[in-house]
Amino acid sequence: MRPGSEAELAEMVRDATGGLRVRGGGTRPVGSGAGEVLDTTGLSGIHLYEPGALTVVAGAGTPLSEIERRLDAEGQRLAFEPMDHRGLLGTSGDSTIGGVVAANVSGPRRIQAGACRDFLLGVRFVDGQGTVIKNGGRVMKNVTGYDLVKLMAGSRGTLGVLSEVSLKVLPKPEAAATILFDGLDDAQAVRAMARGLGSPFDVTGAAHLPEGPEGHPVTLLRVEGFSGSVDYRADTMAKLFGALPVRVERDPVRVAQLWTDIRDVTSMKGANGDVWRISCKPSDAPALVEALDPTSHIFDWGGGLIWALMPEGTDARTRLGMIDGHATRVRGAGTTPVFPPESAPVAALTRAIRQRFDPRGILNPGSFH
Amino acid sequence: MQMPEPNAAVIARKARIVEMLEAALPGGIIHDEAEVRAYECDALTAYRCPPLAVALPSSTEQVSALLKICHDEGVPVVPRGAGTSLAGGSLPTADSLILGVARMAEVLETDYDNRFIRVQTGRTNLSVTGAVAEDGFFYAPDPSSQLACAIAGNIAMNSGGAHCLKYGVTTNNLMGVTLVLMDGTVVELGGAHLDAGGLDLLGVICGSEGQLGVVTEATLRILHQPEGARPVLIGYDSNEVAGACVSDIIKAGVLPVAIEFMDRPCIRATDAFSGAGYPDCEALLIVEVEGSDAEIDEQLQKITAIARRHNPVELREATDADEAARIWLGRKSAFGAMGSINDYMCLDGTIPVNELPYVLKRISEMSKEFGLEVANVFHAGDGNMHPLILFNANEAGQLELCEDLGAEILKLCVEVGGCLTGEHGVGVEKRDLMHHQYAPQDLEAQMLIKDVFDPKWLLNPAKVFPLDASNARRTAMLAAE
Ligand SMILES: Cc1cc2nc3c(=O)[nH]c(=O)nc-3n(C[C@H](O)[C@H](O)[C@H](O)COP(=O)(O)OP(=O)(O)OC[C@H]3O[C@@H](n4cnc5c(N)ncnc54)[C@H](O)[C@@H]3O)c2cc1C
């Protein structure tokens with residue numbers, strides 16, 4: 001099924017007799033895979049782009065690449081830096097903006113600028129009964145009624161099929177630099193990143209690669225902005241660390257490449273094993289990695305995001321135990337559920353919301369729980 | 001404004017209900033008719049109604065026990081922080097218990113390595129920053145009411161502030177909450193980690209106006225203070241040009257922490273009141289940037305270059321703290337200035353930034369039509385407008401006239417692609433205008449969420465949703481009692 005308009009989409013959902021697998025570009029498949037494919041790529045096109053108001057409104061099936069191109073032409077971008085999952089998951093295709101929103105896909109800049117959900121201003125979607133619903137709008141400040149916009153971000157098509165999204169965009173900075181520390185162990189790295197993130201220098205990326213591009217551990221802090229300001233902050237911050245030897249990378253192409261590789265977890269591309277994504281309290285990260293004992297791992301978000309490569313079939317959750325956060329299996333199969341279990345009251349609320357929005361249980365059956 | 005009939009059966013059982021509540025919270029229940037009057041309204045003082053009783057618990061467990069009693073007895077509950085809502089969000093009903101968190105103001109945990117603070121939600125906004133300021137940190141959302149308003153109300157209203165252009169509003173700085181549902185269930189959402197593992201329920205709680213649960217604790221993101229900040233004042237002889245300047249600044253990639261806009265009526269009133277020394281012009285912008293001295297210079301150079309291209313009648317850069325304070329003086333006294341002239345009503349619509357000139361022109365035409373003066377002061381960077389309508393509350397019919405004009409202005413905001421409220425919330429004030437922004441099925445989807453969290457519809461009744469939209473549910477719940 002490939003609706004060409006929102007009205008058609010509503011009709012198809014209304015008339016559906018069995019499960020529907022909502023599919024954008026197919027670069028991040030969700031759920032158990034049962035049901036007929038509902039392809040959203042017919043809902044494509046940028047409906048409104050107002051660079052002076054920092055807003056873009058687009059059909060949910062619009063390719064991400066198309067949006068990024070249009071923004072780039074005006075010197076703007078999606079500041080939440082959506083990850084490209086294709087390498088890691090071995091998928092192909094063209095990611096859609098609706099898919100990005102439905103999975104709340106964000107990148108390294110999430111720690112400073114916010115996640116996809118923080119930039120999502122409004123949604124239109126079709127619920128499990130085929131009703132068209134809108135929430136939010138296209139202005140940056142809006143508290144009119146309940147915030148279903150946040151609810152839809154990351155709901156993975158389980159509450160409704162997105163038909164249109166509006167997003168806040170930001171100007172691309174003139175310059176970027178990255179401070180690199182060599183040879184830190186996990187604990188030292190997390191402390192260094194905390195130092196950078198807790199400084200007044202507006203760090204927009206903080207990551208640690210135990211096996212960096214040159215084979216040894218490297219810890220990275222990124223600053224972005226006007227060139228004078230970037231130089232000033234990179235140099236001042238480098239001095240913060242006293243005896244710790246640091247390098248500063250200022251070449252724009254190399255800086256961009258470093259962060260694309262972190263964003264897309266390139267180091268685990270093609271490697272054997274399952275990939276787990278753990279969201280945690282940053283200072284807990286070194287101990288959690290010790291408990292996990294992964295084949296390899298990297299830290300993003302100052303340690304608040306751990307990517308761990310585990311031998312196939314490992315249940316990372318039993319190794320982690322109770323944590324402030326949660327673990328999701330992003331790649332791999334097995335009996336352990338993909339999504340983290342929730343506390344009894346949260347699970348009850350989630351079930352009840354899904355039941356209300358999709359009483360027939362036809363939207364992406366098998367995702368979440 | 002219409003409110004539903006209070007539940008007579010609940011009022012008739014007042015003595016028994018108070019007795020049960022007192023058993024759960026000895027000495028913490030106010031029920032004397034004169035004493036409960038202190039809670040009869042919030043900052044929207046035009047509407048008042050003394051509650052049945054008031055409870056001031058000091059722990060999550062107590063909140064849970066009180067809610068369970070109210071749930072079982074069918075008593076509506078109105079959560080309350082500091083009562084500074086401008087939308088009537090904490091306005092009681094005669095059959096309700098006011099559940100105030102003012103006695104819950106502790107800092108529970110401060111963690112600089114992980115950049116968060118965990119507090120009880122009765123703590124005031126400013127004192128959250130106060131708890132970390134000595135160590136160089138701050139909590140970013142800063143509503144003008146920050147000295148008085150509580151984190152509880154900030155979360156319920158998803159409050160903004162002067163600096164949200166750069167730092168976002170409450171929802172962008174909220175990491176976790178402890179929430180007590182109407183039946184007494186305690187729920188933990190989020191924490192010291194980022195992002196939800198499942199549905200983003202935290203995102204729904206923020207801005208739900210006290211209708212889904214009572215928030216007793218919150219984990220808030222804190223940031224290191226910037227090295228410095230400096231404003232520049234720019235005057236223009238037309239709103240269009242000022243609007244174009246704002247748009248050009250944003251497009252140029254400068255991200256100021258604040259861009260404030262005042263129109264002529266506001267400039268004149270604030271200048272006369274504060275002696276700020278503002279030029280007498282059509283539109284004034286205050287643009288503030290942050291960073292080290294050199295970084296500030298770099299940004300201000302870009303901003304003033306853009307401003308000059310639009311031929312300003314005045315361009316004043318602050319060279320020291322004193323001058324900076326003078327630039328902000330008038331803006332910060334805007335509400336006081338209006339209050340000294342007359343009674344006023346403060347609106348809070350948001351519009352797409354590019355619609356600014358048109359909307360200002362329409363407002364000035366409507367102001368003439370209604371014969372009520374309107375002054376505009378607002379956060380121009382994000383299009384959040386605060387038109388202030390002046391009226392005389394002692395003159396019969398003026399409040400109603402003012403409310404009518406306010407409604408027309410808010411409808412205009414929706415018409416041009418904006419919304420009814422950018423940061424103050426719907427409450428009772430904008431409840432009946434919701435039909436202008438949302439179709440019935442859009443409201444229905446929101447009410448489904450309410451059904452899930454508060455199946456008996458007891459929390460903060462008769463707010464947010466137009467009474468006709470929520471009527472069927474309210475009558476069904478009463479019939480089921
Ligand atoms: C002079 C002035 C200036 C203002 N400036 C701004 C501004 O710049 N930006 C802005 O956004 N707002 C502003 N406001 C509005 C107001 O201050 C905010 O809405 C504030 O967040 C309300 O906080 P409060 O603690 O006073 O909440 P209250 O008025 O007590 O309650 C507000 C809402 O929160 C709910 N609530 C309270 N406590 C809880 C709880 N524990 N759990 C669940 N729900 C709860 C209430 O039921 C109600 O719906 C201003 C108000 C005034 C009077």
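A polar contact here is a pair of N or O atoms within 3.5 Å. Keep that cut-off in mind as we look around this predicted model, starting at the ligand and moving out to the place where two chains meet.

**Around the ligand**

The ligand has 32 residues around it, and those that come nearest are B:P79, B:G81, B:T84, B:S145 and B:S159. One of these, B:S145, places a polar side-chain atom 2.5 Å from an oxygen atom of the ligand.

| Residue | Polar atom of the residue | Distance to an oxygen atom of the ligand |
|---|---|---|
| B:S145 | side chain | 2.5 Å |

Since the cut-off for a polar contact is 3.5 Å, you can check each row against it directly.

**The annotated domain**

For chain B, an unreviewed UniProt entry lists residues 47-225 as "domain: FAD-binding PCMH-type". Over that stretch the chain is 23% helix and 25% strand, and the C-alpha atoms at its ends lie 39 Å apart.

**Where chain B meets chain A**

Now for the interface. On the chain B side 95 residues are in contact with 75 residues of chain A. Together the two chains bury about 6,500 Å², with 59% of that area on carbon and sulfur atoms.

There is polar pairing as well: 30 residue pairs are in polar contact across the interface of chain B and chain A, counting those with both residues at pLDDT 80 or more. Helix α17 (residues 440-453) of chain B gives the largest share of the side that touches chain A, with 10 residues. By residue type, that side of chain B divides into 40 nonpolar, 35 polar and 20 charged.

**Salt bridges**

Side chains of opposite charge can pair when their charged atoms come close. Over all chains the count comes to 46 salt bridges, and 7 are found across the interface of chain B and chain A. One salt bridge links B:E295 and A:R233, at 3.1 Å from N to O.

Another is formed by A:D202 and B:K166, whose closest N and O atoms are 3.5 Å apart.

Conventions:
Residues numbered from 1 in each chain as written. Chains lettered and ligands numbered in written order. Predicted model: local features only at pLDDT ≥ 70, side-chain atom pairs only at ≥ 80, totals over all residues. Heavy atoms only, no water. UniProt positions renumbered as here; feature names shortened; annotations may be inferred. Helix = DSSP H or I, 4+ residues; strand = E, 2+ residues; numbered from the N terminus. Contact = heavy atoms within 4.5 Å. Buried area = accessible area lost by both parts, 1.4 Å probe. Salt bridge = Lys/Arg side-chain N within 4 Å of Asp/Glu carboxyl O. Polar contact = N/O pair within 3.5 Å; in protein donor to acceptor, adjacent residues only side chain to side chain. Nonpolar A, V, L, I, M, F, W, Y, C, P; charged D, E, K, R; others polar. Near = heavy atom within 4 Å.
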